[in-house]
Amino acid sequence: MWAEFSLTHAWLIPLLPASAFVLISFFLLSSPWLASRLAIVAMGSSFLLALGAAAAVLTQGITVEAPFVMKTVWFSMPGLSVDMGVLVDPIAATLLFVVTLITLLVLIYSTGYMAGDPGYCRFFAFISLFAASMLGLVIATNFLQMFVFWELVGLCSYLLIGFYFFKVSAREAGKKAFMTTRIGDFGLLLGILLLQITFRTLDFAELAVKVPAYVAENGAASLTFIAILIFIGPVAKSGQFPLHVWLPDAMEGPTPVSALIHAATMVVAGVYLIARSFAIFSVLPGALTVIAWLGVFTALFAAFIALTQREIKRILAFSTISQLGFMMLALGVGSLTSSMFHLMTHAFFKALLFLGAGSVLHALHDQADIFQMGGLRKSMPATCLMMGTAVLAIAGIPPFAGFFSKDEILVAAAHVSTPIYLLASLAAFMTAFYMARLFILTFLGKPNPHNHPHESGLSMLVPMGVLAVLSVVGGIIPFAMGFGEWVRFGPAHHAGIDWAVAGASTVISLLGFALAWYIYGGGHTRSNDLTIKTGALYTWSFNKCYVDEIYQWFNRTFVGGLARLSFWIDIHALGAVVDNAWRGTGAAGSEMRRLQTGQMQQYAAVMLSATVVLVILLAALTGSLVKGGQI
Amino acid sequence: MIGLSHYLLVSAALFGLGLFGLLTKRNLIAVLMSIELMLNSVNINLVAFSRYTAADASAGQVFSLFIIAVAAAEVAVGLALAYAIYRGRGTVSVDEIDWLKW
């Protein structure tokens, strides 16, 4: 009953938070209690609807091949007809569940975290809009509808990262996020246009039929190009190298926003886009290879940077980039199931990590350097316990959530390419190492006497508790219930553990823990030694491989150079034309005005002469003064 | 026999006199009077043409009546302006009335 209703009313899922946004921003900007409650109620209803939709998907036999589609014509003109509507299949249902759940928990957490903030109501309005955009993106039936919400997500990220707009760094970070993702959006838009030109449709279901036929007939070359263009969008949105630069800076937003961006909305949009259009990508081995290698490179690259970062949220940001690399790599090796599975488990433990980091920052009054923390396990036992759960989950220790999803990715990678598998395992090792480093430096060791931490309130701990439970069981329950039989592309994926791969990855993670304990377990001496010994490598990692600096150099040299050239042309070429035009007009005017003497008799004389001249001229033209020669 | 061309000659002579006065007289009143001469020469033309060539003889006469009426109004306005200028500037010489310029 409820499931049926949710499925046919799935359009309500994005609409409820969207209306919350409208109501808050028009009527409730000065009533914090009502604003936050309204946002939570709207999101909670969406969550219930999403649950119902997921139940309907499970019970009514809705599969990826036979999704639930409800659509109507959005606009049509000769040669172009675009629909809008709702598409619910197991992939979308998973995302709906994850997004609504994480957003709901983040909203509840924010009532405590953001308390007393002057932008409290604005915050809840933006978060609602953010979630609405993401949910709209998830249920889109075609590329254009998806693109609209895709852009809305980009806008909301700008608004929320730049939430503290009075801080220059926050403003800059918002701008950076917006512009970096815009680069990707440009590629995506080009890809969408080329798809429309090639296939005369943007509908996911129609494309799924037409693309394989097209490939069979014309080969994959041109489509691979289109697919790579589309992939540029997710590269920017999901923080893949080399467009990942905005993600670490996105930490400037309030911590709940970071949790939301990194776990549920925004960055997973890119992964979801590839998954949604997997019918296109799956028949293009060239594009898949690019995705897989870029994914594994990103996973490794970001993990390498995360090894040495000192700010707690920055480590988590690079960890997100790395984990997104894992998801992309999973898609690249053709395993949609493991990618979506990891997306879900990652959402649980990454949201928990961020909310935990927020709790720590809240307690330490925004002291972000993990080397200045230490010993927080005594003063913040609940946060410590839950962060520990999340660390175990992300490192992939059985039976925590991350173990199952990461294992599936590694198995899928091992089937396709051994080098990718080995590199991914290395990234997993680094993940375990830097997460353990974060945990040891923050919660273990001796307390820093300058800090006076206190445990966070219930409104913050309860959402974290829910996420902690999910980080424990969020992997094994879907695994046991046959996640791969529902969320899949192609033949059903039967759950099973490859003990060689799973054992190896567990050992690798434990080795990472052990190494971190060896280096950071006993004070800072060993880590300081290591910093000096690894010199250049450390500097590279600490400075994020200088990607930002390269961009800045590029920007200064080429964009700045072009701007200077244009400026010169503007001043000296175009400016000269315009200046001379006004100077000439002015000079001509000041000379010509002398003709106007004010002597009315002179005017009359001029008029007379002009008339005489005109008459003579007319006579000369017509041949005689009087027509007919008779007077 | 007096024909159309005689009337036209008289009218042209009158127009030439008016034009001459308009261009040469220094006194504003005299200039206005010259304009009146030119208007009346036009009236002669209208009446003459209407008598000799037009199918409906009354059209030209109606026009000239209109011109007389308009001329009367014009004189009223012109004389009022001349009077006002004289009161303000103490002169009716058109040479000196040249302040409507740059």
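These questions and answers cover chain A of a predicted model.

Q: How many helices and strands does the secondary structure of chain A come to?
A: The C-alpha trace of chain A spans about 120 × 60 × 50 Å along its principal axes. The secondary structure within chain A comes to 28 helices and two strands.

Q: What percentage of the residues in chain A is buried?
A: A residue counts as buried if 20 or more other C-beta atoms lie within 10 Å of its own. Chain A has 631 residues, and the buried part of them is 50%.

Q: What distance separates the C-alpha atoms of D579(A) and F479(A)?
A: D579(A) and F479(A) are 100 residues apart along the chain. Their C-alpha atoms are separated by 74 Å.

Q: How far apart do the C-alpha centres of domain 1 and domain 2 of chain A lie?
A: The domain assignment gives domain 1 as 284-542 and domain 2 as 549-586 + 599-623. The distance between the C-alpha centres of these two domains of chain A is 67 Å.

Q: How many charged residues has the side of chain A that touches chain B?
A: In the contact between the chains, 11 residues of chain A meet 10 residues of chain B. By class, the chain A side has five nonpolar and five polar residues, and its charged residues number one.

Terms used. Residues are numbered from 1 along each chain as its sequence is written. Chains are lettered from A and ligands numbered from 1 in the order in which they are written. This is a predicted model: local features need pLDDT of at least 70, side-chain atom pairs count only at pLDDT 80 or more; totals for chains, interfaces and linings use all residues. Helices (H or I, at least four residues) and strands (E, at least two) are DSSP runs, numbered from the N terminus. A residue is buried if 20 or more other C-beta atoms lie within 10 Å of its own, exposed if 12 or fewer, and partly exposed in between; C-beta atoms are placed from the backbone. Two residues are in contact if their C-beta atoms, placed from the backbone, lie within 7 Å. Ala, Val, Leu, Ile, Met, Phe, Trp, Tyr, Cys and Pro count as nonpolar, Asp, Glu, Lys and Arg as charged, and the others, Gly among them, as polar. Domain bounds come from an automatic or database domain assignment.
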